[in-house]
Amino acid sequence: MASRSTSAANHRERLLETSSRCVTETFELAHNFEVTRYSLLDGMGVGKFVSSSKFSVQGYDWKIRFYPDGWREEDKGNISVFLVFCGGVTKSIKVNFILSLLVKDQGSICTGTLTTPYTFESVDKFWGFAKFVQKSKLPQVMPGVDNNDCFTIRCDLTVMKEPRTEAVSTIAVPPSNLHQHFASMLKNGKGVDVKFSVGRQLFSAHACVLAARSPVFMAELFGQMKESTVSCIEVEDMEPLIFEALLHFIYTDSLPETLYIATNAATQNLLVAADRYGVDRLKTMCEEKLCIDIGVQTVATTLALADQHHCVELKDACLRFLSSGDDVRQAVKGTDGFKHLATSCPSLMMEIV
């Protein structure tokens, strides 16, 4: 009996084991829909709505729909807010979302949360809150003219992909660290074969890396622009810190951490450098950061930059900011940046007006 039990135990130890697991992926995004001059929308009529611009999560498109006077007759006296499914890679998609009404300096004054996930089964289907907040409560939380009677409708959206089953590997593949190796190669200077002089500061690099990442460097170092007798290439009209950030991106495909706390002007200069050397991804990343930083003090210089370097989306964002209200436009006109804009880009003045 004992020998039979020992044999069974040994058999189990020799068995090969495999594993699988069910995976349900989720993807999150928050979209802020700013409603300005609400008093001008109040009274547009039951069933009439305005919508946010389209935003996307993992191939699925959405809009926020806002009814200032309510969705249906039974919703009169309330504002209605819904999430609209605009289409995607599959015909239906399960989501969870939170809709919030935010007022400046006060935070959220109303929040609608789904108790269970909801499945959008067709395009243009919408779901949300018909009685989101009573209209009578809004004047109490919005100080009127002083706050431009505006608020923001925020949607915190979680998209849930269809569950899938996958085999479980016992081998853990480490994440790529290629960028770390290239950064180390730039830092230690081994194998460098080209030098640049930027503002009396010298930088060494690897010609093949630069050429692979920039068509301008390719032409300058290996094309007809190449000057074989030049031991050090002079880079004019660029600050050393900006050139250093450009090199960091070329080697690592990421922005240096110092740039995240840098000034708006530094980001503008880096965009100019990226455009100058044809590093398109870096240029787009700078555009994104400048879009986030648009304000009264920065919009004029950012608009001039966007126009000069053909940044269409950045230019549109600046024009939208300038058209958000007369008080905003008047404040911008008092800045030094606007005076520079008027003299350097007079053609833009017609678009602003």
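Let's start with two helices: α4 and α7 pack with their axes 8 Å apart, at an angle of about 140 degrees. That angle makes α4 oblique to α7, because only angles over 145 degrees count as roughly antiparallel. Please keep in mind that this is a predicted model. The points below go through the helix contact, then a three-stranded sheet, then the second largest pocket, where α4, α7 and β14 turn up again among the lining elements.

**Where α4 meets α7**

- On the α4 side, the contact is made by His179, Phe182, Ala183, Met185 and Leu186.
- On the α7 side, the partners are Leu247, His248, Tyr251 and Thr252.
- Sorted by type, the residues of this contact are six nonpolar and three polar, with no charged residue.

**The sheet of β13, β14 and β15**

- Three strands form an open sheet in the order β14-β13-β15, and their pairing is mixed.
- β14 and β15 (233–235) stand at the edges with a single partner strand each, so one side of each has no neighbour in the sheet.
- From one strand to the next, the twist averages 30 degrees.
- β13 (residues 194–198) runs antiparallel to β14, and five bridges join the two.
- If you want to trace this pairing in the structure, Val194 has Ala205 of β14 as its bridge partner, while Val198 stands opposite Gln201 of β14.
- The hairpin of β13 and β14 has two residues between the strands, and in this hairpin Gly199 takes a positive phi near 55 degrees.

**The second largest pocket**

- The volume of this pocket is about 460 Å³.
- It is lined by 21 residues, of which Glu244, Ala245, His248, Pro256 and Thr258 are the closest to its centre.
- The biggest share comes from α7, which gives eight residues to the lining.
- By type, the lining holds twelve nonpolar, five polar and four charged residues.

Note on methods. Residues are numbered from 1 along each chain as its sequence is written. This is a predicted model: local features need pLDDT of at least 70, side-chain atom pairs count only at pLDDT 80 or more; totals for chains, interfaces and linings use all residues. Side-chain values use heavy atoms; hydrogens and water are left out. On a 1 Å grid over the protein atoms alone, a cavity is a set of points where a 1.4 Å probe fits but cannot get out, and a pocket is an open set with protein on both sides within 12 Å along at least five of seven lines; lining residues have an atom within 4 Å of a point. Grid points are joined across faces, edges and corners, and a volume is the space filled by probe spheres set on the points. Helices (H or I, at least four residues) and strands (E, at least two) are DSSP runs, numbered from the N terminus. Ala, Val, Leu, Ile, Met, Phe, Trp, Tyr, Cys and Pro count as nonpolar, Asp, Glu, Lys and Arg as charged, and the others, Gly among them, as polar. Two strands pair if DSSP finds at least two bridges between them. Axes are lines fitted to C-alpha atoms, for helices over the stretch in contact, and angles run from 0 to 180 degrees between N-to-C directions. Angles under 35 degrees count as roughly parallel, over 145 as roughly antiparallel, 65 to 115 as roughly perpendicular and the rest as oblique. Contact means heavy atoms within 4.5 Å.
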